[in-house]
Amino acid sequence: MKKLLTIIAAMVLVIGLIAGCGSSSSNGGDGDKKQGTIGFSVSTLNNPFFVSLKDGVEKQAKELGLKVKIVDAQNDPAKQANDVADLLESGVSILIVNPVDSAAIATSVEAANAKNIPVITVDRSTDNGKVVAHIASDNVKGGEMAAQLIVDKLGNNAKVAEIEGIPGASATRERGQGFHNVADKSLDVVAKQSADFDRTKGLNVSTNILQANADVKAIFAHNDEMALGAIQAAKSAGKQVFIVGFDGTEDAQKAVQDGTLAATIAQQPELMGKIAVDTAAKVIKGEQVDSKIPVELKVVTKQ
């Protein structure tokens, strides 16, 4: 009888231990860590491009059964730093970052490195810190494509203006570099100014440029929001200006077909988000991924 009681007690103990392990996993222990929670810091959701990027992340995370925590930096590098710090403290398995500022985000990337939390950057890169993958279009090539469009339409030495994005963002540097690779040889860039990727600022900056440079025939804007602002400025000034944007947002593509925007260099933000999550899932499983993952660009003009 004593031997039977001893066996029963041992069985109860084993069952208790098994049950205890199961409850630990369901309450956010190693089981959840293995399944994977993605932290995603997006530069702003006040821009259709980045809304599409977020949608791609959310849809693919749902498809793969992964949890995702999304925070909006509202184009504020300091807020992004705080947001990322909160994500790292919350115990995410991997971090996807779309930086506001490529220099400013480096400290946050290095903080993730110190915690052994892998980092993926999307659309914009980080100046320092280690990332397992960077997912983006070839911004330099896109800038070259925009300049060549203007040359093809208006000919050599046409007077153009450049509306730049957020200073410090890798996309700003790279799109500007690509544009000048062609423009400095074939066009006359008479003005350039930052409008922070913002439509209202794009309107104001373009208004000032067109007032100061009556002979400007074309404007290259580093994103579609600023290009749409430039359209309003040209209309108010009563000028016909060949305007090229960058991103391929829904509003921009509609403006192209309406004939108010000459062209946009189209990215695929929702696809970027999908690829970012697919890449994160592979990293969580311990698989190797490419350090640079390009997303194809295309020129959208009126059909």
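Predicted model: local features only at pLDDT ≥ 70, side-chain atom pairs only at ≥ 80, totals over all residues.

User: Thanks. How do β9 and β10 run, and how many bridges join them?
Analyst: They run parallel, and four bridges join β9 (residues 242-247) to β10. Two strands pair if DSSP finds at least two bridges between them. Strands are DSSP runs of E with at least two residues, helices are runs of H or I with at least four, and both are numbered from the N terminus.

User: What do β9, α10 and β10 make together?
Analyst: A right-handed β-α-β unit, with α10 at residues 250-258. Right-handed is when, with the strands pointing away from the viewer, the path from the first strand over the helix to the second runs clockwise.

User: And how does β10 run against β12?
Analyst: β10 and β12 (residues 298-301) run antiparallel, joined by four bridges. Ala-263 turns up again here, standing opposite Thr-301 in β12.

User: Are the faces of β10 covered or open?
Analyst: Both faces of β10 (residues 263-266) are covered. Ala-263 and Ile-265 are buried on one side, and Thr-264 and Ala-266 are buried on the other. Buried is under 20% relative accessible area, exposed is over 50%, and partly exposed is in between (1.4 Å probe, protein chains only).

User: What is the strand order in the open sheet of six strands?
Analyst: The order is β7-β6-β8-β9-β10-β12, and the pairing is mixed. β7 (188-194) and β12 each have a single partner strand, so one side of each is left without a neighbour in the sheet. Neighbouring strands are turned by 20 degrees against each other on average, direction ignored.

User: Which helix packs on the sheet?
Analyst: Helix α6 (residues 139-154) does, touching β6, β8 (218-221), β9, β10 and β12. The direction of α6 makes about 165 degrees with that of β9. Angles run from 0 to 180 degrees between N-to-C directions, and axes are lines fitted to C-alpha atoms, for helices over the stretch in contact.

User: How many bridges join β6 to β7?
Analyst: Six, and β6 (residues 159-164) and β7 run parallel. Within that pair, Ile-163 stands opposite Gln-193 in β7.

User: New topic: how many residues of β1 are buried?
Analyst: Six of the six residues in β1 (residues 37-42) are buried. Thr-37, Gly-39 and Ser-41 sit on one side, with Ile-38, Phe-40 and Val-42 on the other.

User: Which strand has six bridges with β1?
Analyst: That is β2 (residues 67-72), which pairs with β1 in the parallel sense. Val-42 stands opposite Asp-72 in β2. Together with helix α3 (residues 48-64), β1 and β2 make a right-handed β-α-β unit. β1 also pairs in the parallel sense with β3 (residues 94-97) over four bridges, where Phe-40 stands opposite Ile-96.

User: How about helices: at what angle do the axes of α4 and α5 cross?
Analyst: Roughly 10 degrees, and the axes of α4 (residues 77-89) and α5 (residues 106-114) come within 9 Å. α4 and α5 are therefore roughly parallel to each other. For such angles, under 35 degrees counts as roughly parallel, over 145 as roughly antiparallel, 65 to 115 as roughly perpendicular and the rest as oblique.

User: Which residues make the contact?
Analyst: Ala-81, Val-84 and Leu-88 of α4 and Ser-108, Ala-111 and Ala-112 of α5, where contact means heavy atoms within 4.5 Å. By class, five are nonpolar, one is polar and none is charged. Here Ala, Val, Leu, Ile, Met, Phe, Trp, Tyr, Cys and Pro count as nonpolar, Asp, Glu, Lys and Arg as charged, and the others, Gly among them, as polar.

User: Last one: is Thr-249 buried or exposed?
Analyst: Thr-249 is buried, with a relative accessible area of 5%. Thr-249 lies in the loop between β9 and α10 and touches Pro-48, Phe-49 and Asp-224, not counting residues up to four places away in sequence.

Notes:
Residues numbered from 1 in each chain as written. Heavy atoms only, no water.
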